[in-house]
Amino acid sequence: MKRRLHAESDHEELLLPAEETTPLQSWRVPVFPPRFSPTLAVLPQHVARHALSLIGRLAAGEPAAFAGMRRLRASREICRVRVTADDRFLFKPLAHRLEVLDVINRKDFEKWLKTLN
C-alpha cells in the first residue's frame with residue numbers, strides 16, 4: 001500500500017514545477033464558483049472543513065497557508081495546495097481576489113487537468 005501511495009504521489013509531482021517560496025501576501029476576497037457548495041457537500045466533513053479553513057487563511061494572506069503551494073505546469077496561473085494527504089485545493093491568486101476553483105482527490109488530478117483544455 002505504501003509503495004502504491006508513493007508511486008501515485010511521484011506521478012502527481014511530475015505534473016507540477018518545484019515548490020515556490022511565497023513572500024508575504026496581501027488579503028484577497030475569496031470568489032466561489034456556483035458549483036462549489038455541492039462539491040463541499042459530497043466531501044467528507046473533515047476535508048470540507050480543512051478546505052474552508054485553508055481558503056480563509058489563503059484569503060487573509062497568511063504565509064503558512066501558502067507553504068507547499070505549487071503552480072500547475074499546464075496553466076501557471078492555477079495553484080494547488082494540499083488540504084489533506086489525499087485532497088488538493090485548486091485556486092487562482094489574483095490581485096485582490098482568490099478565485100476558488102475546486103477541491104479534488106489527488107487520484108483525479110490528471111482528469112481535472114484535462115478539463116482545462
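Start by selecting Pro-30, which sits in strand 1 (residues 29-31); helices (H or I, at least four residues) and strands (E, at least two) are DSSP runs, numbered from the N terminus. You are looking at a predicted model, in which local features need pLDDT of at least 70 and side-chain atom pairs count only at pLDDT 80 or more, while totals for chains, interfaces and linings use all residues. Residues are numbered from 1 along each chain as its sequence is written, and side-chain values use heavy atoms, with hydrogens and water left out.

**Stop 1: around Pro-30.** Colour Pro-30 by accessibility: at 30% relative accessibility, this residue counts as partly exposed. On this scale, buried means under 20% relative accessible area, exposed over 50%, and partly exposed in between (1.4 Å probe, protein chains only). Now show the contacts, meaning heavy atoms within 4.5 Å. Leaving aside neighbours within four places in sequence, Pro-30 touches Ile-55, Ala-59 and Leu-98.

**Stop 2: the largest nonpolar core.** A nonpolar core is a set of buried Ala, Val, Leu, Ile, Met, Phe, Trp, Tyr and Cys residues joined through side-chain atoms within 4.5 Å. The largest one here has 21 residues, and those touching the most other members are Leu-54, Leu-58, Val-81, Phe-89, Phe-91 and Val-103. Two or more residues come from each of helix 2 (36-42), helix 3 (45-59), strand 3 (79-82), strand 4 (87-93) and strand 5 (97-105). Helix 3 is the top contributor to this core, giving seven residues. Centre the view on Leu-58: beyond its neighbours within four places in sequence, Leu-58 is in contact with Ala-65, Phe-66, Val-81, Phe-89, Phe-91 and Leu-98. Another core lies apart from the largest one; its eight residues include Leu-101, Phe-109, Trp-112 and Leu-113.

Stop 3: Switch to cartoon and pick strand 4, where six of the seven residues are buried. Strand 3 pairs with strand 4 in the antiparallel sense over four bridges; two strands pair if DSSP finds at least two bridges between them. Select Cys-79 and you will find its bridge partner, Phe-91, in strand 4. Four residues link strand 3 to strand 4 in a hairpin. On to strand 5, which pairs antiparallel with strand 4 over seven bridges. Here Arg-88 stands opposite Ile-104 of strand 5, and three residues lie between strand 4 and strand 5 in their hairpin.

**Stop 4: the salt bridges.** Show side chains for the three salt bridges of the structure, each a side-chain nitrogen of Lys or Arg within 4 Å of a carboxyl oxygen of Asp or Glu.

- Arg-57 and Glu-62: the closest N and O atoms are 2.9 Å apart. Arg-57 is partly exposed at 29%, and Glu-62 is partly exposed at 31%.
- Asp-86 and Arg-106: this pair meets at 3.7 Å, N to O. Asp-86 is in the loop between strand 3 and strand 4 and Arg-106 in the loop between strand 5 and helix 4 (109-114), so the pair ties together parts 20 residues apart in sequence. Asp-86 is partly exposed at 36%, whereas Arg-106 is buried at 10%.
- Lys-111 and Asp-108: the closest N and O atoms are 3.9 Å apart. Lys-111 is exposed at 57%, while Asp-108 is partly exposed at 26%.
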